[in-house]
Amino acid sequence: KDFPLILIAGRRHVAYFHSANRQVPALRKLNPDPTIEINPKIAQELGINDGDWVWIQTPYAGEKKIKQKAKITDRVHPKTVCAEPFWWFPEEPDDLFQFRKSNINVIVTNDPPYDLATGSPEMGGIPCKVYKAE
């Protein structure tokens, strides 16, 4: 009930390879901000418009939350949101490039169950809530 949406944390942008290249100006121009895809129906229910900054929280992180920019699209199921992983901000060198601001790793868990094929923590099917950032 507190986390009504399902987070998929693995949508990549062609400009970046994992966490690399955020500091390359030409590539950053292609994708300047971390984005989360949200279905139009859910966005309307939550009062979120395309381009709004939103908070993302999961039950694994306590009060921790991250911020990404909403991209409204019908490519995702109404109960699912799809966020970009690996974000950091090369223009903000203090405090480890502000990775805690938008990086999915801050709100997911390293605990089991692990992916059977790769042995990595789950990055999909994570309960979450999304709400407009003030």
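Colleague: Why does Asp95 count as partly exposed?

Modeller: Its relative accessibility is 46%. Buried means under 20% relative accessible area, exposed over 50%, and partly exposed in between (1.4 Å probe, protein chains only). At 46%, Asp95 therefore counts as partly exposed. This is a predicted model: local features need pLDDT of at least 70, side-chain atom pairs count only at pLDDT 80 or more, and totals for chains, interfaces and linings use all residues.

Colleague: Where does Asp95 sit?

Modeller: Asp95 is in helix 3. Helices (H or I, at least four residues) and strands (E, at least two) are DSSP runs, numbered from the N terminus. Leu96 is also found in helix 3.

Colleague: What stands out about the phi of Asp95?

Modeller: Asp95 is not a glycine, yet its phi is positive, about 55°. Leu96 is not a glycine either, and has a positive phi of about 55°. Most residues other than glycine have a negative phi.

Colleague: Why is Leu96 called exposed?

Modeller: Leu96 has a relative accessible area of 56%, so it is exposed.

Colleague: What makes Asn110 count as exposed?

Modeller: Its relative accessibility of 58% makes Asn110 exposed. Asn110 lies in the loop between helix 3 (94-97) and strand 6. From Asn110 to Ile36 is 74 residues in sequence and 21 Å in space, C-alpha to C-alpha.

Colleague: In what sense do strand 3 and strand 6 pair?

Modeller: Antiparallel, over four bridges. In strand 6 (residues 124-132), the partner of Val54 is Lys132. Strand 2 and strand 4 run parallel, joined by four bridges. Ile36 stands opposite Ala70 in strand 4.

Colleague: Which residues touch the most other members of the largest nonpolar core?

Modeller: Leu7, Ile38 and Val130 do, out of 22 residues. Elements giving two or more residues to this core include strand 1 (5-9), helix 2 (40-46) and strand 5 (80-83). A nonpolar core is a set of buried Ala, Val, Leu, Ile, Met, Phe, Trp, Tyr and Cys residues joined through side-chain atoms within 4.5 Å. Not counting residues up to four places away in sequence, Val130 touches Leu5, Ile36, Ile38, Leu46, Ile48, Val54, Trp55, Ile56 and Val81.

Colleague: How many cavities of 30 Å³ or more does the search find?

Modeller: One. A cavity is a set of points on a 1 Å grid over the protein atoms alone where a 1.4 Å probe fits but cannot get out; lining residues have an atom within 4 Å of a point. Grid points are joined across faces, edges and corners, and volume is the space filled by probe spheres set on the points. The largest cavity has a volume of about 50 Å³.

Colleague: Which residues line the largest cavity?

Modeller: Arg11, Arg12, His13, Tyr16, His18, Arg22, Glu84, Pro85 and Phe86.

Conventions: Residues numbered from 1 in each chain as written. Heavy atoms only, no water. 1 Å grid on protein atoms, 1.4 Å probe; cavity = no way out; pocket = protein on both sides within 12 Å on 5 of 7 lines; lining within 4 Å. Pairing = 2+ DSSP bridges. Contact = heavy atoms within 4.5 Å.
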